Amino acid sequence: MYSCREDGLKIHHTLTTKPSVDNFAFQSHSHNMYEIYLFLAGDGDFVIEGNVIPLERGTLIFTLCGQTHKLLLKSDKEPYERIAIMFGEKYFPKGCEELLDIASNGGCVANLNEQEINWFLESIEILKNSTLQNEINILASSFINLSIYKIMGASKASNFYDETEDDLVKQIIRFINRHLSESFSLDDIEKELYRDKAYLGRRFKSVMGCSIWEYIMRKRIFSAREQLYLTQSVSDAFSVSGFGDYSAFYRKYKKYIGCSPSEDLKQLINP
């Protein structure tokens with residue numbers, strides 16, 4: 001319905017009339033930008049790193065760079081409509097850093113009322129007809145500021161999802177996050193949680209939409225990319241990646257990012 005791409009900014013308003021679990025939007029994925037997601041219509045739940053968030057019209061969600069998420073489609077009979085805003089550091093409002101800590105637990109959620117939803121939709125209509133860069137930047141900042149202040153003003157994020165549902169998946173993710181830069185295997189997760197790794201794998205995939213090992217690979221690459229951007233050193237990025245050899249790191253980086261670490265660094269330095 002609408003799509004806009006600018007430096008450090010991506011906005012889209014999308015209606016999927018025939019949603020399918022094979023669609024990328026409904027599969028487990030992550031981005032190298034922050035994302036604000038506004039749910040407008042459909043039948044499903046949103047999963048962020050094991051946290052299951054029930055969706056209703058006006059549900060507003062914030063996710064971090066590299067944070068794995070997906071739509072858990074309940075029915076393919078209803079059209080699925082959403083607005084997504086992905087943005088870089090320069091658009092993140094100052095004084096709201098507390099939100100980054102909240103988001104690390106996967107529960108950054110608020111709900112918009114109909115007046116606020118209509119403001120979003122009307123602003124999207126303005127963007128559709130705008131060719132002025134300044135106007136696009138102002139509206140994008142307004143989207144982001146309203147969303148972040150709304151989420152920060154919400155009561156505890158845990159009110160929005162079931163703390164007990166999929167607790168095992170959250171335990172797996174907490175183990176992975178603690179040991180991400182270290183060498184470990186699925187056997188280590190099995191020993192930590194006292195559960196058969198085959199069962200853990202089935203449970204994890206039913207919620208996250210990918211295998212535990214695929215999740216680990218993706219998470220390591222996005223963590224390494226964050227280090228690459230911070231230090232501008234490929235060797236530093238590799239050192240915290242958790243990969244045992246550079247060739248494996250290189251292959252996975254190209255798979256998930258679309259270019260090699262050195263090429264990615266060049267694009268960062270000379271955009």
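Which residue in β6 is the bridge partner of Glu 35? In this predicted model, local features need pLDDT of at least 70 and side-chain atom pairs count only at pLDDT 80 or more, while totals for chains, interfaces and linings use all residues. Residues are numbered from 1 along each chain as its sequence is written, and side-chain values use heavy atoms, without hydrogens and water.

The bridge partner of Glu 35 is Thr 63. Strands β3 (residues 34-41) and β6 (residues 59-63) pair in the antiparallel sense over 4 bridges; strands (E, at least two residues) and helices (H or I, at least four) are DSSP runs numbered from the N terminus, and pairing requires at least two DSSP bridges. Both strands belong to an open, antiparallel sheet of 6 strands in the order β1-β2-β8-β3-β6-β9. β1 (2-6) and β9 (109-111) form the edges with a single partner strand each, so one side of each has no neighbour in the sheet. The twist from one strand to the next averages 15°.

Helix α3 lies across β1, β2 (9-16), β3, β6, β8 (80-87) and β9, at about 100° to β6. Angles run from 0 to 180 degrees between N-to-C directions, and axes are lines fitted to C-alpha atoms, for helices over the stretch in contact; contact means heavy atoms within 4.5 Å.

Helices α2 (residues 114-128) and α3 (residues 133-153) pack at about 165°, with axes 10 Å apart. The two helices are therefore roughly antiparallel, a term for angles over 145 degrees. Residues of α2 that meet α3 include Trp 119, Phe 120 and Leu 127; on α3, Leu 139, Phe 143 and Leu 146 are among those that meet α2.

Note on methods. Angles under 35 degrees count as roughly parallel, over 145 as roughly antiparallel, 65 to 115 as roughly perpendicular and the rest as oblique.
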